[in-house]
Amino acid sequence: MQPTARPIAGALRLMPHVSQTKICMHRYTWQNQQDLPSRGYTCGYCNRPLASARGWHGVLEHNNAIRAFVFVCHHCTGPTFIDHDGSQWPGVVFGNVVNDIPEKTVADLYEEARKATGAGAYTAAVLCCRKLLMHIAVAKGAEAGESFAAYVDYLSANHYISPDAKDWVDHIRNKGNEANHEIVIVGAADAEELLSFSEMLLKTIFEFPAAIRKRLAEPKGP
Ligand SMILES: [Zn+2]
C-alpha cells in the first residue's frame with residue numbers, strides 16, 4: 001500500500017485564512033514518549049508538514065525488529081501511526097478547501113469525499129463525488145431524478161464546465177456510467193481525478209464568484 005500523505009499542506013500554508021479540515025480541539029501531553037529516528041510526514045489532523053522524533057515504536061513479534069511507529073505531532077499533539085511499509089493513519093485529507101459553498105449538503109459531501117480519499121476509501125469517495133455533482137447540477141437548475149451522465153451533460157451544456165474541459169467531461173461521464181448499475185471498486189487515480197474535477201467546479205461555481213462579490217462590496221476609499 002502506498003503512503004496516503006499528500007502535498008496539500010504547502011497550499012494551506014500559503015492560504016492562512018483557510019480553515020483546516022480537522023483541528024484537534026484538545027491538546028494532549030502524552031506520557032512516556034521515547035526518542036525515535038526523525039521522520040518527516042504531513043499530519044492528518046492539522047495538515048501541517050513536520051519532522052517528529054517523539055512517540056513510540058513497535059517491534060515485529062517474530063524477530064523483534066523495529067518496524068512501526070507512532071509519532072506525535074508537535075503542532076497539534078495528534079498521534080500518527082506509520083506501519084512497516086510506510087502507510088500512514090490518519091492519512092492526509094486530499095484536495096483543497098473550497099470556501100463559500102452555499103448549500104451545506106454540497107459542502108459536507110465534498111469534505112466527506114476529501115476525507116474518504118485521504119483514508120484510502122476510494123470507492124466511497126467516488127460515490128460521494130457523483131452525489132456531489134448531482135447536487136451541484138440541481139442547485140443550478142437541473143431536474144431532480146436524472147442520471148449522473150445527464151447531470152454532467154447539464155453542467156457542460158450550461159457552461160459551468162469550460163469547453164476546453166470536454167475531454168474531462170467525457171471521461172467523468174464514462175466513469176460514472178461504469179459505476180451506474182453496479183458498485184465498481186475503484187482505485188486512487190479514479191477517486192483523485194474525480195475529486196480534483198469536483199474541486200475545480202466548486203471553486204469556479206461558488207468560491208470565485210463569491211470572492212469577487214465580496215471584493216466589489218467593500219467600501220470604496222476616498
Ligand atoms: Zn498535527
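Reader: Which residues of α2 are buried?

Author: The buried ones in α2 are V106, L109, Y110, A113, R114, K115, A116, T117 and G118. Buried means that 20 or more other C-beta atoms, placed from the backbone, lie within 10 Å of a residue's own; 12 or fewer is exposed, and in between is partly exposed. This is a predicted model, where local features need pLDDT of at least 70, side-chain atom pairs count only at pLDDT 80 or more, and totals for chains, interfaces and linings use all residues. Residues are numbered from 1 along each chain as its sequence is written.

Reader: What do the buried residues of α2 pack against?

Author: They pack against α3 (122-139) and α6 (188-217). Contact means C-beta atoms, placed from the backbone, within 7 Å.

Reader: What span should helix α2 have, at 1.5 Å a residue?

Author: Helix α2 covers residues 104-118, which is 15 residues. The expected span is 1.5 Å times one less than the number of residues. That gives 21 Å, and the end C-alpha atoms are 21 Å apart, so the two agree. Just after α2, G120 has a positive phi of about 80 degrees.

Reader: Why is α3 called roughly parallel to α6?

Author: Their axes cross at roughly 25 degrees and come within 9 Å. Angles under 35 degrees count as roughly parallel, over 145 as roughly antiparallel, 65 to 115 as roughly perpendicular, and the rest as oblique. So α3 is roughly parallel to α6. Y122, A125, V126, C129, L132, L133 and I136 of α3 make the contact, together with residues of α6 including A188, D190, L194, L201 and I205.

Reader: What is the handedness of the crossing of α3 and α6?

Author: The crossing of α3 and α6 is left-handed. In such a crossing, the near helix is turned anticlockwise from the far one by less than a right angle; clockwise would be right-handed.

Reader: How many helices and strands are there in the protein?

Author: The protein has six helices and five strands. Helices are DSSP runs of H or I, at least four residues; strands are runs of E, at least two. Along the sequence the pattern reads α-β-β-β-β-β-α-α-α-α-α.

Reader: What makes β1 and β5 edge strands?

Author: The open sheet has five strands in the order β1-β2-β3-β4-β5, paired antiparallel. Both β1 (34-42) and β5 (88-89) pair on one side only, and that makes them the edges. Two strands pair if DSSP finds at least two bridges between them.

Reader: How many bridges join β1 to β2?

Author: Six bridges join β1 to β2 (residues 49-59), and the two run antiparallel. T42 has P49 of β2 as its bridge partner. Y41 stands opposite L50. The two strands form a hairpin with six residues between them, and N47 in the turn has a positive phi of about 65 degrees.

Reader: What joins β2 to β3?

Author: Five bridges join β2 to β3 (residues 66-72), again with antiparallel strands. Their hairpin also has six residues between the strands, and N64 takes a positive phi near 65 degrees. G55 stands opposite F71 in β3.

Reader: Why does G55 count as buried?

Author: G55 has 20 C-beta neighbours inside 10 Å, so it counts as buried. G55 lies in strand β2. Beyond neighbours within four places in sequence, its contacts include Q33, L36, F69, F71 and P79. The C-alpha atoms of G55 and P37 are 9.9 Å apart, with the residues 18 apart along the chain.

Reader: What share of the protein is buried?

Author: Buried residues make up 31% of the 222 residues.

How values were computed. Contact = placed C-beta atoms within 7 Å. Axes fitted to C-alpha atoms, helices over the stretch in contact; angles between N-to-C directions.
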